[in-house]
4 protein chains.
Amino acid sequence: MTSSSDFPVLWPVPTRWADNDHYGHVNNVAYYAYFDTAVNAWLMSATGTDIRDLGAIGIVAETSCVYHRELSFPDLLDVGISIERLGNRSISYALAIFRRGEDGHQLAATGRFVHVYVDATSRTPVPIPDAIRAAAQALVPDPS
Amino acid sequence: MTSSSDFPVLWPVPTRWADNDHYGHVNNVAYYAYFDTAVNAWLMSATGTDIRDLGAIGIVAETSCVYHRELSFPDLLDVGISIERLGNRSISYALAIFRRGEDGHQLAATGRFVHVYVDATSRTPVPIPDAIRAAAQALVPDPS
Amino acid sequence: MTSSSDFPVLWPVPTRWADNDHYGHVNNVAYYAYFDTAVNAWLMSATGTDIRDLGAIGIVAETSCVYHRELSFPDLLDVGISIERLGNRSISYALAIFRRGEDGHQLAATGRFVHVYVDATSRTPVPIPDAIRAAAQALVPDPS
Amino acid sequence: MTSSSDFPVLWPVPTRWADNDHYGHVNNVAYYAYFDTAVNAWLMSATGTDIRDLGAIGIVAETSCVYHRELSFPDLLDVGISIERLGNRSISYALAIFRRGEDGHQLAATGRFVHVYVDATSRTPVPIPDAIRAAAQALVPDPS
């Protein structure tokens, strides 16, 4: 069972009013906005740089989400961030969304998010920038 | 009473599932996405150019909306576009949103949308680019 | 000049990655998502109730925004909330958006947001529910 | 190679201005809004009913997307819809996004989208409503 203690980073993302859809719960699309926001905000914070101005940028190649629990505004969420594969040109994140409940974190969703690094101008694949690799390395699980 | 025949341009914008909010109607914020999309799509079509690549870009300085009727996915909409003031450095649009009903257009909202043109790099105000001025001129009401 | 000290409530709303548009700044539409989220979250907090389950709900009748400063993810924002008119069936909010800068709050936008209360089922206008009126009263400026 | 002719339904979804993010292309999250909108709009059209008012509603249990090509406003898109598994209580859709190019459809993304049907009130799993099953049956590939 996925737990918030499995993640080296938990990034706070509050819900917004319009995240709720016709069925009175957070729309499935919004979960990806939480993923996207958490990964990029963490990258900016961990590298101390505006990653959008680097010569190479991370383009999203693949995403997925399994929904475990309904959410509803004004829920406060934490996105669990870990890295399952740090390649030469890509980073594959294992993510989860936790709702802050009265008795602690409640698992709401698990997902994957893959960034492929490309030259900011030509958009052809290139190695991961050093600043990003260093930050990502800290989230790679110890093999021992 | 505002009618769709008052507008020289009607730009189609279909609703999306997640435009509906907790109350089962289109969220107030989405109306501004319809405005934004219609004005920029019309500008691109009327000028035959990617306006985002011009030396001067239109930055939104002011917007407003009065809501007259509830909308709900999968409503099909047309955004009425007219120009109430074509200045040296700014364009003020008078907009409306019409729902395509069985008996014709139903007024759902009226609004204003003001673009101020700025240098794409320095973001300081500059004159409206010629291509955009020419397109906009065609929407300025005949003073007669 | 509008200052954050002019507002009895400041509600935190962080930006999201996708709030930024093609021009590398927060899209004009997102400001309304900040307004919408702040007003409703404050109402839920101040009343201690899920306002969506009351017999009368607040429908947005009118909104507007004047944009003073560009914003960009990952900016942290506070939405200033005050009430300029507390009517029998409607509440008119005067709002502002402040960016948390190194030297304190920077004004990014000012706006208006009008809720009209309607019966949750029939959607016809009704008086403001007592719980909401009591919360709103606390934000009405002292006439002295 | 996935082709638009592989899909029994192609549902049109135009891009919106704010779908583009900081990198000047459609944000990864928006692709899920295209999926969500196309599946639900098709369901409403094919059943001739407002599926949100049925006793059982489709809740999203799982989604995924592989991104093959960058998109940018004002691209016009068609979402390919097919059904890979029609179960007792769930429907698994195989989806794709095609850009309308000058030389025909260009594949932009492929994805999966799983609806589980639940009682609209209790939110516990129930069989797929008859009207939806009949519509879905028409999209199940012929086993021959």
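Predicted model: local features only at pLDDT ≥ 70, side-chain atom pairs only at ≥ 80, totals over all residues.
Trainee: What rotation superposes chain D on chain A?

Mentor: A rotation of 180°, with 0.0 Å of shift along its axis, superposes chain D on chain A at an RMSD of 0.0 Å. In chain D, the residue that comes closest to the rotation axis is D:S64, its C-alpha lying at 2.0 Å. Here too the same surface serves both copies, with 100% of the contact residues of chain D recurring in chain A.

Trainee: How many residues of chain C and chain B take part in their contact?

Mentor: An interface may be read through its residues, its buried area and its specific pairs. In this case 25 residues of chain C are in contact with 25 residues of chain B. The area buried between these chains is about 2200 Å², and carbon and sulfur atoms give 53% of it.

Trainee: Which polar features cross the interface of chain C and chain B?

Mentor: There are 17 residue pairs in polar contact across it, both residues being at pLDDT 80 or more. The count of salt bridges between chain C and chain B is two. In a salt bridge between B:E70 and C:R123, the N to O distance is 2.6 Å.

Trainee: Which elements of chain C supply at least two residues of the side that touches chain B?

Mentor: They are α1 (28-47) and β2 (56-67) of chain C. The largest share of that side comes from β2(C), with 11 residues.

Trainee: How is the interface of chain D and chain A to be described?

Mentor: Chain D gives 25 residues to the contact and chain A gives 25 residues. Between them they bury about 2200 Å², 53% of it on carbon and sulfur atoms. The salt bridges between chain D and chain A number two. In the one between D:R123 and A:E70, the closest N and O atoms are 2.6 Å apart. On the side of chain D that touches chain A, α1 (28-47) and β2 (56-67) of chain D give two or more residues, and the largest share, 11 residues, comes from β2(D).

Trainee: Which residues touch the most other members of the largest nonpolar core?

Mentor: A core can be read by its membership and by the members that touch the most others. The largest nonpolar core holds 89 residues, and the members in question are B:I81, B:Y93, B:I97, C:I81, C:I91, C:Y93 and C:I97. A second, separate core of 88 residues includes A:V9, A:F35, D:V9 and D:A109.

Trainee: What surrounds B:Y93, leaving aside its neighbours within four places in sequence?

Mentor: The contacts of B:Y93 include B:V39, B:W42, B:L43, B:I81, B:I83 and B:F113, and also B:S82, B:E84, B:R112 and B:H115.

Trainee: Is B:D19 buried or exposed?

Mentor: One compares the relative accessible area with the cut-off. B:D19 is buried because its relative accessible area is 8%, and buried means under 20%. In chain B, B:D19 lies in the loop between β1 (9-14) and α1 (28-47). The side chains of B:D19 and B:Y34 are joined by a polar contact of 2.8 Å. Not counting residues up to four places away in sequence, B:D19 touches B:H25, B:V26, B:N27, B:A30, B:Y34 and D:R16.

Trainee: Where is A:T110 placed in chain A?

Mentor: A:T110 belongs to strand β5 (residues 104-119) of chain A. With a relative accessible area of 19%, A:T110 is buried. The side chain of A:T110 makes a polar contact of 3.0 Å with that of A:H68. Beyond four places in sequence, the contacts of A:T110 include A:T2, A:F35, A:S64, A:C65, A:V66 and A:L95.

Notes. Residues numbered from 1 in each chain as written. Chains lettered and ligands numbered in written order. Heavy atoms only, no water. Core = buried A, V, L, I, M, F, W, Y, C linked by side-chain atoms within 4.5 Å. Buried < 20%, exposed > 50% of the residue type's maximum accessible area, 1.4 Å probe, protein only. Contact = heavy atoms within 4.5 Å. Buried area = accessible area lost by both parts, 1.4 Å probe. Salt bridge = Lys/Arg side-chain N within 4 Å of Asp/Glu carboxyl O. Helix = DSSP H or I, 4+ residues; strand = E, 2+ residues; numbered from the N terminus. Polar contact = N/O pair within 3.5 Å; in protein donor to acceptor, adjacent residues only side chain to side chain. Least-squares fit on C-alpha atoms with pLDDT ≥ 70 in both.
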